[in-house]
Structures are given as C-alpha cells and as structure tokens.
Amino acid sequence: MPVRFSIASLSTVLFRPKAVFEALAAAEPSAAKVFFGFALWIGLLPAVFAYIGTVNFGWRLGVEPVFLPQRTVFAISVAYFLALLLGFLSSAVIARWMAVTYDASQSLGRCYALMAIVGAPLAVGSVIHLYPHVFINVLVLVPTLIWSMYLLYRGLPVVLQTGPNRGMLMASALIAYLLVAAVSLLGITVALWGSGLGPLIGN
Amino acid sequence: MKYADRIVTAFTACAMIWAVLGMMAGVYVAAELVWPTIDFGQPALSFGRLRTLHTTLVLFGFGVSALIGTAFYSVQRTSHVRLFAPGLAWFVFYAWQLTIVLGGASVMAGWNAGKEYAELEWPFDIAIAIAWVAFAVVFFGTIGRRRMEAIYISNWFYGALIIVVAMLHIVNSLALPATIGKSYSLFAGAQDAIVQWWYGHNAVGFLLTGGFLGMLYYFLPKQAEQPIWSYRLSIVAFWAFVYTYIWAGPHHLHYHAVPEWVQSLGMVMSLILLAPSWATMVNGIMTVSAASKKLRSDPALKFIVLSLAFYGLATFEGPMLAIKSVNVFSHFTEWTIGHVHSGALGWNALITFGTFYFLVPRLAGAPLYSAKLANIHFWLALAGVMLYVLAMWGAGVSQGVLWLSLDQLGEVRFSFNDVMAAMKPYYALRFIAGLLFLSGALLMAVNLARTFAGRRTVEVAPPAGHRAGAPA
C-alpha cells in the first residue's frame with residue numbers, strides 16, 4: 001500500500017503504523033512531500049490547540065487560572081510552532097547524521113518520514129491543550145509520549161533499513177538527543193523569561 | 001593464585017540490599033509528600049530524617065558498595081594480579097557496611113551534622129575516613145604490583161574517585177565535637193557554605209560521575225566485546241574532567257551571600273564541564289555502536305546503553321541549570337530534584353544494574369536466572385525514570401512560574417501554601433514513578449539471588465607471563 005504522506009493519511013499513520021513502516025521500506029518518500037504534505041500541518045495542531053485553550057481557559061497551574069493578553073498568547077503560540085518545527089527538522093537531520101554510524105539509510109526523505117510518524121501521536125494528543133491545565137496535560141501526554149517512543153524503536157530499523165540491534169542503539173541515541181533538546185527548550189524559555197522576554201504574569 | 005572475587009560478591013550483594021532499602025525509604029518520603037500524616041507523629045519517620053536515610057542508603061550504601069566492589073573486580077583484571085592485601089579489603093567491607101548500618105540508625109535517631117549528603121556525625125566521619133584510606137591502600141597497592149605497563153583508563157577514574165573523595169570528605173567533615181552525637185563545623189557562615197558545596201558538588205562529580213565512569217570504561221567494552229572507540233579521547237576527557245569539575249561547586253550558591261565572582265566562576269566552569277562529559281558519552285555511544293552482539297536479548301547491554309542517554313541528559317541539564325538566568329527560575333524548585341534523579345536513577349542506577357547483570361552470572365559461574373525478568377526490569381526502570389523526570393519538570397516549571405508571579409502591587413501573588421497544594425498531583429505521579437523503579441529493583445534482587453543460588457563458582461587465575469604493553 002503506497003503512503004502518500006498527506007494530512008489525509010494521518011489515521012493510517014496512527015492506527016496502522018506497521019503498514020506505513022512497510023510501505024516506507026519499499027519506496028523512498030521525497031523529503032519535500034513529507035514536510036509540506038504532512039509534517040508542517042500536524043506541527044500546526046499543538047500551537048492552534050494551545051492558542052484556543054489559553055485564550056478561553058487561561059493557564060491552570062493548580063491555583064487560580066492565569067489569563068494573558070490575546071497578543072501575548074498569539075506570540076507564544078507562534079513561538080511554540082516554530083520550536084516544534086525546529087525540533088522536527090533538527091531531529092531528522094540528526095537522525096541522518098547518525099545513520100552513518102549505525103549503517104542505516106541516509107535518505108533525508110526517510111528520516112523526515114520517521115520523525116513525522118514518531119511525532120504524529122503527540123500532535124494528535126496535543127488536543128488536550130484545548131484545556132491548558134498542566135497536570136491534565138501531563139497525564140494525557142505521558143502515555144502519548146510512550147506510544148511515540150514505541151513507534152521510534154519499532155519503526156527505525158524498518159524505515160531506515162538497519163538491523164534490529166543497530167536500530168535499537170540508534171533509537172536510544174536519538175532519545176538522548178530528544179531529551180537534551182527538550183531540556184534545552186525548557187532552559188531557553190525560562191532564561192528568556194528571566195531576562196524580560198515573555199509574558200508578564202500578574203500584570 | 002586466583003583473583004579475589006568473594007569480596008566482589010559480598011559488595012555486590014550488600015549493594016543490592018541497600019538499593020532496595022534506600023529506594024523504599026525514597027518511595028516512603030515521596031508518599032509523605034502526598035499524605036503528610038503517614039509519619040504517624042513518630043520523629044524517626046519524619047520527612048527530615050527519612051529523606052536523609054534515603055540519600056545515605058542509596059549514595060553510600062548502594063552507590064559506594066557497587067563502586068568498591070566493581071573497582072576490586074576490574075583492578076585485578078586490568079593489572080593481571082590478585083588483589084593487594086585481601087585481608088585489608090575485607091576490613092574495608094565490614095567497616096563500610098557497619099558504618100552504613102549504624103549511620104542509618106543514627107540518622108533515624110536524629111543525629112545530623114547539618115550538611116547535605118554529609119549528614120553523618122563525627123564518629124562516622126572518622127570511621128569513613130579510615131575505611132576509605134584502607135580502600136586506597138588495597139586499590140593502589142594492586143596497581144603498584146600490576147604486570148602491565150599501562151594503567152587502564154577505568155583505574156584512572158576509580159583512582160581519582162578515591163583520592164578526591166578522601167580530600168573532600170576529610171576537609172568538609174572538620175568539626176569540633178560537642179557530644180558523641182553533635183559537632184559543629186570548623187568553618188563559619190558563607191565559608192561553610194562554600195566548603196560544603198565544594199564537597200557536595202564534587203561528591204556528585206567524582207563519586208557519581210567519575211567513579212561510575214570507571215565502571216563504564218571497564219564493563220561497557222567487556223559486555224559489548226569491543227575496544228574503547230577512542231582510547232586517546234578517554235584520557236583527554238579524564239584530565240579535562242578532573243581539572244574542571246573541582247571549580248563547579250559555587251553554582252549551588254547562586255544569588256546567596258557569597259561573592260559574585262565566585263558564583264560566576266562556578267557557572268563558567270560548569271559550562272566548560274559539558275565538553276569532557278560529552279566526550280565521554282560520545283566515546284561510550286561509539287564503542288557500543290559497533291556491537292555485533294544480540295542487543296535485544298542482552299539485558300546488561302540494554303541498561304548500559306540507556307544509562308548513556310541519561311548521562312547525556314544529566315550532564316547537559318546540569319550546566320544549563322548552573323546558568324544564573326536559568327537558576328533564578330529553577331532554584332529551590334522540583335526541577336532540581338528531577339535533575340538529580342535523572343542522573344541518579346537514569347545514569348548511576350541503570351549503569352550499575354547493567355554491570356550487575358553482567359557481573360553476577362560470572363561470579364556465580366551460572367547463567368542469569370531469568371533474562372525475561374531482567375527485560376521486565378528494564379521497562380519498569382525506563383518508565384519509572386521517565387515519569388519521575390517529567391513529573392518534576394512539570395512541578396518545577398509550575399513552581400517557578402507561580403513563585404515569580406506578582407500582583408498589581410508588585411507583591412508575591414501566591415502563598416507558599418497555595419503553591420505546595422498545587423504540587424500534590426505531581427507528587428502523586430512521582431510516588432508512582434518511584435514505585436515502578438523500586439519494583440524493578442526488587443525483581444532484579446530476586447533474579448540475582450536466584451542466579452547466585454544456582455552457583456558453580458569458578459575462580460579465575462591471572463594470565464601468566466610478564467609485563468605486557470597494553471591492558472587486556
């Protein structure tokens with residue numbers, strides 16, 4: 001079954017990942033198609049959900065909700081989208097860079113496709129951003145994250161055409177990168193916040 | 001002459017017992033943060049005492065027992081000689097275990113020197129110093145009698161651990177005893193704080209990082225059946241690591257009453273530290289990347305590979321949190337606790353688990369009792385540490401935002417109580433994460449005990465021959 005990697009194939013990616021893996025193993029996708037047909041759009045979802053949720057319900061950190069001016073929320077959502085995009089692109093490029101070490105396919109299209117599949121459950125799970133209560137978001141996104149990691153470990157050896165042992169090592173190396181990227185994002189955010197760039201809470 | 005391996009078995013067994021007990025204490029204090037009344041009004045069960053018991057048992061009971069045991073195992077094999085002064089090695093074993101038993105009891109009884117990670121009172125400090133010097137004599141004595149010219153890289157790390165921890169422990173523990181159970185630090189005020197965090201951060205550096213890197217450099221190539229990717233890089237990283245780490249302590253004292261330049265120096269040195277830390281991570285990842293073994297069926301290697309990922313996270317997150325503009329937000333929040341546990345659970349515990357899954361079947365001369373149980377342990381450990389870290393990130397960032405929120409008048413908007421109440425769900429998640437990790441450790445203890453019960457112990461002799469150029 002050929003995978004066209006358009007936003008229409010989202011349900012296939014979510015519910016029949018094995019079929020997608022096998023299709024990708026057979027035919028090499030083009031990087032541009034994966035990006036413009038799929039990744040860009042699912043990357044928009046979390047930002048849009050976060051915008052709608054924050055404007056309507058405010059951030060709920062366990063005490064009274066924090067409402068921010070609409071312009072600020074918009075700026076944060078755009079920054080969120082750009083950060084996700086950067087995360088997606090850098091992960092794909094890093095995967096391609098690592099591929100040399102693990103005897104995996106160095107096709108950029110395959111790396112894009114793999115990262116798009118891994119990110120898909122998280123993009124859909126981000127529907128919970130519509131109600132931005134931090135704890136409820138953590139509760140929903142942690143199992144989603146586990147599903148994504150499972151897709152990474154299962155999908156990588158098939159999509160990037162390497163053995164199961166090498167695939168497991170490469171997936172672990174990618175997880176190290178993703179963990180570092182996540183904590184960097186956290187650090188950059190609070191450092192910018194500390195230096196006055198960001199929402200002024202309470203004013 | 002055979003290698004002295006019974007001592008290694010003894011340390012390994014005790015390390016497992018302390019791991020289980022220490023993690024139980026950790027899970028209990030995590031539960032106390034959710035249900036504060038479960039101390040039942042007993043001082044011995046109060047958070048302050050049990051939390052100290054937790055850190056003492058996992059750091060000094062589990063961590064140090066594992067380090068001494070693996071150091072004794074690997075130094076014999078990389079030196080091609082039997083352990084120097086095996087009787088003294090047994091003295092180290094009994095002295096150390098007795099110190100942990102009595103020290104743990106003293107903490108529950110309320111003795112506390114008031115220094116973080118150095119809470120044991122002066123009689124125990126003296127006992128630790130004596131046991132540690134005896135450890136040094138056995139270790140360096142073995143190296144002195146080696147039949148190889150080169151000193152293998154793992155021994156450099158173990159050696160640095162021994163020398164630096166002796167120095168840190170003795171200086172930081174200098175105190176005037178008032179009674180048998182109470183002493184007062186020789187240093188006062190800000191100087192005491194600086195000495196304490198010089199000790200505290202280098203205990204993290206040379207014990208939790210350097211010592212366990214010694215473990216990594218011996219057991220990773222062994223288990224992967226691959227030589228170190230770049231031996232030269234390992235040596236360069238060692239010296240850079242030793243030189244840089246010792247300066248990083250003041251980042252624990254950002255915005256405190258210590259000189260500004262001391263804080264900035266601590267921050268800059270912490271940032272530089274990323275280079276040697278990651279050089280080692282790259283070396284480890286590249287060594288294992290060529291492994292042709294069946295990784296999926298080899299639990300030991302799985303644990304070691306995952307520990308490298310968390311080592312990468314923790315050694316990146318640390319320098320980042322040391323940046324003052326990040327620290328202003330993160331200091332005193334649960335983010336710090338999450339960071340410590342991504343290192344302690346993700347790196348230290350996982351590499352030790354991997355090493356023990358390698359070591360115990362060899363010590364017992366029998367295959368691992370159940371690879372399936374070990375695989376279940378792997379997923380429990382991964383789920384536990386991930387959930388722990390994510391829960392603490394959520395809690396820490398929420399705390400940071402709430403504490404820095406001001407109202408229209410520029411006053412703090414949320415009271416400490418409000419913020420604590422908001423943390424409850426995260427504390428519940430952390431409790432679950434701890435339970436997952438603890439249950440994995442329990443499975444491992446059973447697995448290793450069953451493996452050892454079926455032992456057909458083989459004693460191995462050092463290879464014959466004279467001084468050779470390269471280590472085995």
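Two strands count as paired if DSSP finds at least two bridges between them. The model is predicted, and the points below are grouped by topic.

**The strand pair of chain B**

- Strand β1 of chain B spans residues 175-179, and strand β2 of chain B spans residues 182-185.
- The two strands run antiparallel and are joined by four bridges.
- Lys182(B) belongs to strand β2 of chain B.
- Lys182(B) has 15 other C-beta atoms within 10 Å and is therefore partly exposed, since that class lies between the limits of 12 or fewer for exposed and 20 or more for buried.
- From Lys182(B) to Ile351(B) the separation is 169 residues in sequence and 37 Å in space, C-alpha to C-alpha.

**Helix packing in chain B: α5 and α6**

- Helix α5 (residues 153-172) of chain B packs with helix α6 (residues 189-224) of chain B at an angle of about 160°, and their axes are 8 Å apart.
- Because angles over 145 degrees count as roughly antiparallel, α5(B) is roughly antiparallel to α6(B).
- The crossing in which α5(B) passes α6(B) is left-handed.
- The contact of α5(B) with α6(B) comprises 17 nonpolar residues, seven polar residues and no charged residues.

**Helix packing in chain B: α6 and α9**

- Helix α9 (residues 274-289) of chain B packs with α6(B) at an angle of about 15°, with 10 Å between their axes.
- Angles under 35 degrees count as roughly parallel, and α6(B) and α9(B) are therefore roughly parallel to each other.
- The crossing of α6(B) with α9(B) is left-handed.
- On the α6(B) side, Leu213(B), Leu216(B), Leu220(B), Pro221(B) and Ala224(B) take part, and they meet Thr280(B), Gly284(B), Thr287(B) and Val288(B) in α9(B).
- By class, this contact of α6(B) with α9(B) has six nonpolar residues, three polar residues and no charged residues.

**Contact between chains A and B**

- Chain A contributes 29 residues to the contact, and chain B contributes 40 residues.
- On the side of chain A that touches chain B, α6 (134-159) and α7 (164-194) of chain A each supply at least two residues.
- The most is given by α7(A), with 17 residues.
- The side of chain A that touches chain B divides into 21 nonpolar residues, eight polar residues and no charged residues.

**Gly109 of chain A**

- Gly109(A) is located in helix α5 (residues 108-125) of chain A.
- Gly109(A) counts as buried because it has 21 C-beta neighbours inside 10 Å, and the cut-off for burial is 20 or more.
- Leaving aside residues up to four places away in sequence, Gly109(A) touches Glu28(A), Pro29(A), Ser30(A), Ala31(A) and Val34(A).
- Gly109(A) and Pro29(A) are 80 residues apart along the chain, and their C-alpha atoms are separated by 5.3 Å.

How values were computed: Residues numbered from 1 in each chain as written. Chains lettered and ligands numbered in written order. Predicted model: local features only at pLDDT ≥ 70, side-chain atom pairs only at ≥ 80, totals over all residues. Axes fitted to C-alpha atoms, helices over the stretch in contact; angles between N-to-C directions. Parallel < 35°, antiparallel > 145°, perpendicular 65-115°, else oblique. Left-handed = near helix turned anticlockwise from the far one by under 90°. Nonpolar A, V, L, I, M, F, W, Y, C, P; charged D, E, K, R; others polar. Contact = placed C-beta atoms within 7 Å.
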